[in-house]
Amino acid sequence: MIHRTTRRKISVHYMLSVFHNHKHSRHVIQQIHSHFLVLGTKDIGLWNSIIKHYALHLLPQEAILLFKFLKNQSTHLPFNSFTYSYLIKACANLKHGIAGNQFHCLCAKVGFDAHVYVQTALVNMYVECTHLMEARKAFEKMPERNLVSWNVLVTGFAKWGEIGIARAMFDVMPERNVVSWTGLIDGYTRLSQFDQALSLFRRMVVHEGVKPTEVTLLAIFPAIWNVGLLEVCQSLHAYIDKCGFDMSDVRVTNSLIDVYAKCGSLKSAIEVFEGITSTRRNLVSWTSIISTYAMYGFAKEASDHFQRMETEGMKPNRITFLTVVNACSHGGLVDKGLEFYQKMIDDYAISPDIKLYGCLIDMLGRAGRLEEAERVALSIPHETVNVIIWRTLLGACSFHGNVDMGERIARKIMEMESKYGGDYVLLSNILSTAGRFTDSEKVRSLMDEENAYKLPGVTLV
């Protein structure tokens with residue numbers, strides 16, 4: 001007969017094997033968690049595995065609850081520095097700075113705050129919770145700092161817009177890797193400091209000889225298309241082909257479509273899209289090429305690619321529909337746009353959001369179908385509709401000279417927001433164009449009475 005202790009060991013090892021084979025399955029992990037509780041497992045390594053899974057995946061709160069439960073048991077488990085580092089990561093994923101600070105204090109109390117991976121987890125937790133000064137204090141108290149610690153702090157400050165501090169720390173790093181460079185480049189791009197991002201990228205590749213990763217490329221692409229550097233895009237494309245990034249990460253290829261389109265090369269954007277094999281094309285690939293055609297006013301091509309996408313079995317989402325309806329709006333294919341809108345609701349059971357409603361109203365307004373546009377606006381749920389929807393329609397009334405509807409829409413806008421001067425100016429212009437100069441002056445006077453603000457004019461001369 002197998003001894004009970006032996007059976008328990010066999011069961012634990014079997015559960016551990018199942019855990020490693022199904023570590024991304026929430027249901028399986030929770031079953032193993034329950035089984036360990038029934039067995040009364042005292043092996044901290046096993047519990048650390050469960051806590052780590054919860055902390056780093058979709059259930060960080062479960063990691064903290066499990067720790068509290070185990071801590072309150074009569075037989076105390078020997079929690080170690082790994083336990084606390086995982087719990088701190090759980091707090092970071094929850095963006096729960098107060099709980100993170102409590103674990104910081106607990107680490108200090110039990111003597112684990114001097115371990116480099118616990119300290120690094122603390123710095124990361126404070127960064128993720130936007131407690132940047134606390135992050136810096138934790139970093140400065142570290143007796144030993146490694147490259148990971150430096151990267152966490154530099155990229156964290158860059159992520160939250162403290163680019164000056166991030167750059168100062170970057171410049172004094174004892175060593176750097178591609179993560180260091182990428183974090184700072186991304187920080188500059190987020191703040192629209194595109195020249196700085198490009199300068200740093202050039203220094204990284206040309207002068208320091210650091211090979212960019214897929215993440216680096218995704219960080220620098222917005223800087224390239226915002227500055228409009230087609231030559232840089234072409235050079236980077238050649239580098240991507242040479243290194244095989246286009247085959248390893250479809251995100252890079254999808255981004256290239258956008259960059260070429262925004263740098264003015266429709267031909268290159270199409271070539272990149274057509275170069276993606278049908279098995280690798282995803283929804284973003286299709287949405288990118290549809291958006292490209294929309295950007296250049298080629299509504300028919302955008303529509304054709306949408307239908308081609310459906311033929312190849314790809315299911316569109318709300319963003320894809322927004323893109324193709326927008327293409328129809330700017331290309332004058334109103335009936336086609338309405339057809340796509342109805343297809344979205346009927347065939348794919350996708351409810352329109354405020355952006356889709358706005359796009360639909362803009363499309364109808366451009367075509368002069370103002371009554372239909374007004375019916376759409378009135379059909380929007382009260383909790384969803386906003387003043388921008390009505391301003392879009394007011395602009396269409398101004399363009400097409402519909403005075404009666406313009407007055408009606410303007411009254412509705414002013415009930416929602418009476419302090420924006422642009423609404424008064426637009427209504428005043430509608431009335432004056434119709435020859436109602438007295439009414440136009442009354443609207444101007446009302447604007448002054450309401451003390452409505454006007455955006456100041458800007459000259460480029």
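User: Where is Ser440 found, and why is Ser440 called buried?

Analyst: In this predicted model, Ser440 is found in helix α27, which covers residues 437–449. The relative accessible area of Ser440 is 6%, and buried means under 20%, so Ser440 counts as buried.

User: Which residues is Ser440 in contact with, leaving aside its neighbours within four places in sequence?

Analyst: Ser440 is in contact with Ser428, Leu431 and Ser432. Contact here requires heavy atoms within 4.5 Å.

User: What makes Ala197 buried, and what does Ala197 touch?

Analyst: Ala197 has a relative accessible area of 0%. The limit for buried is under 20%, so Ala197 is buried. The residue sits in helix α12 (residues 194–207). Not counting residues up to four places away in sequence, Ala197 touches Ile185, Tyr188, Thr189, Ile220 and Ala223. Between Ala197 and Phe221 there are 10.0 Å in space, C-alpha to C-alpha, and 24 residues in sequence.

User: How do you know whether Tyr341 is buried or exposed?

Analyst: The relative accessible area of Tyr341 is 11%. Buried means under 20%, so Tyr341 is buried. Tyr341 lies in helix α21. Residues up to four places away in sequence aside, Tyr341 touches Val325, Pro352, Tyr357 and Leu360. One of these, Tyr357, is 16 residues from Tyr341 in sequence and 9.6 Å away in space, C-alpha to C-alpha.

User: Why is Ala349 called exposed, and what is said of its phi?

Analyst: Ala349 has 66% relative accessibility. Exposed means over 50%, so Ala349 counts as exposed. Its place is in the loop between α21 (334–346) and α22 (354–366). Ala349 is not a glycine, yet has a positive phi of about 55 degrees. Most residues other than glycine have a negative phi.

User: What makes Lys95 partly exposed?

Analyst: Lys95 has a relative accessible area of 46%. Lys95 is placed in the loop between α5 (81–94) and α6 (97–110). Lys95 has a positive phi of about 55 degrees although it is not a glycine.

User: Why is Gly401 called partly exposed, and where does Gly401 lie?

Analyst: The value for Gly401 is 48% relative accessible area. Buried is under 20% and exposed is over 50%, so Gly401, in between, is partly exposed. Gly401 lies in the loop between α24 (387–400) and α25 (403–416). Gly401 and Gly368 are 9.8 Å apart in space, C-alpha to C-alpha, and 33 residues apart in sequence.

User: How many disulfides does a search of the whole structure find?

Analyst: The search finds zero disulfides. A disulfide is a covalent bond between the sulfur atoms of two cysteines.

User: How many residues does the largest nonpolar core have, and which residues is Phe103 in contact with?

Analyst: The largest nonpolar core has 140 residues. Among those with the most contacts inside the core are Tyr84, Phe103 and Ile224. Beyond its neighbours within four places in sequence, Phe103 is in contact with Ile64, Phe67, Tyr84, Leu87, Ile88 and Cys91.

User: How much space lies in the largest pocket, and what lines the largest pocket?

Analyst: The largest pocket holds about 350 Å³ of space. Its lining has 19 residues, with Thr155, Val179, Thr182, Gly183 and Asp186 the closest to its centre. Elements giving two or more residues to the lining are α7 (116–128), α9 (147–159), α11 (178–190) and α13 (214–227).

User: What does the secondary structure of the chain come to?

Analyst: The chain has 27 helices and zero strands. Of its 461 residues, 45% count as buried.

Conventions: Residues are numbered from 1 along each chain as its sequence is written. This is a predicted model: local features need pLDDT of at least 70, side-chain atom pairs count only at pLDDT 80 or more; totals for chains, interfaces and linings use all residues. Side-chain values use heavy atoms; hydrogens and water are left out. A nonpolar core is a set of buried Ala, Val, Leu, Ile, Met, Phe, Trp, Tyr and Cys residues joined through side-chain atoms within 4.5 Å. Buried means under 20% relative accessible area, exposed over 50%, partly exposed in between (1.4 Å probe, protein chains only). Helices (H or I, at least four residues) and strands (E, at least two) are DSSP runs, numbered from the N terminus. A disulfide is a pair of cysteine sulfur atoms within 2.5 Å. On a 1 Å grid over the protein atoms alone, a cavity is a set of points where a 1.4 Å probe fits but cannot get out, and a pocket is an open set with protein on both sides within 12 Å along at least five of seven lines; lining residues have an atom within 4 Å of a point. Grid points are joined across faces, edges and corners, and a volume is the space filled by probe spheres set on the points.
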